[in-house]
Amino acid sequence: MKVAIVDETGDVGRGSLASRYLVMAAIATDNIETIRRVVTRTRKRLDKRRRDIPEFKAFKTDPRVIRKLLAHLAETNCEILIAVACKPDLLPRAEAEDLYRELCALLVSRCVDRYNQVTLILDRRYTDP
């Protein structure tokens, strides 16, 4: 059975400071421990101040750290599924969060179509840790 870890980057806003894209990604693997080891190994190589950050944010993290993390991830047996929304090309939704929900549903649908059985781990936006 596959395990897919789902997270997003970007925001659902439409103002001048909002991101242009909302990107949802899922890392699917047979063994979640390999993904955890990649993150742990990357954290151990950071200085104490950055090591204790609860979550890597790609836009706030040194690109060299992100490149190393992705290089180690590429060495594992995993697949990455992505759904992207270019917000300026879309009609506004009744609620801004509707875009997040639609993109998440699309990505989850892709995971279910690709794998017979999949356990999804979603971001804490709507769920408990």
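**Close-up 1. Glu 33 and Arg 36 both lie in helix H1, three residues apart, or about one turn of the helix.** The model is predicted. The two residues form a salt bridge, with the closest N and O atoms 2.8 Å apart. Glu 33 is partly exposed at 37% relative accessibility. Arg 36 is partly exposed too, at 46%.

**Close-up 2. Asp 98 and Arg 101 meet through their side chains in a salt bridge (2.8 Å, N to O).** Both sit in helix H4, three residues apart, about one turn of the helix. Asp 98 counts as partly exposed, with 22% relative accessibility. For Arg 101, also partly exposed, the value is 37%.

**Close-up 3. A salt bridge joins Lys 87 to Asp 11, with the closest N and O atoms 2.8 Å apart.** This pair links distant parts of the chain, 76 residues apart. Lys 87 belongs to the loop between S3 and H4, Asp 11 to the loop between S1 and S2. Lys 87 is buried, with a relative accessible area of 2%. Asp 11 is partly exposed, at 29%. The salt bridges come to seven in the count.

**Close-up 4. The largest nonpolar core has 18 residues.** Those with the most contacts inside it include Ala 4, Met 24 and Leu 103. Strands S1 (2-9), S2 (21-29) and S3 (78-86) and helix H4 (97-114) each supply at least two core residues. H4 gives the largest share, six residues.

**Close-up 5. Arg 37, Arg 41, Arg 45 and Lys 68 gather in a surface patch of positive charge.** Arg 45 is placed in the loop between helix H1 (32-44) and helix H2 (48-51). Arg 45 is exposed, because its relative accessible area of 56% is over 50%.

Technical notes
Residues numbered from 1 in each chain as written. Predicted model: local features only at pLDDT ≥ 70, side-chain atom pairs only at ≥ 80, totals over all residues. Heavy atoms only, no water. Patch = residues over 30% accessible without salt bridge, like charges linked within 9 Å, V, L, I, M, F, W, Y side chains within 5 Å. Areas by Shrake-Rupley, 256 points an atom, 1.4 Å probe, with all protein chains shown as cover. Salt bridge = Lys/Arg side-chain N within 4 Å of Asp/Glu carboxyl O. Lys, Arg positive; Asp, Glu negative; His and termini not counted. Charge placed at Lys NZ, Arg CZ, Asp CG, Glu CD. Helix = DSSP H or I, 4+ residues; strand = E, 2+ residues; numbered from the N terminus. Buried < 20%, exposed > 50% of the residue type's maximum accessible area, 1.4 Å probe, protein only. Core = buried A, V, L, I, M, F, W, Y, C linked by side-chain atoms within 4.5 Å.
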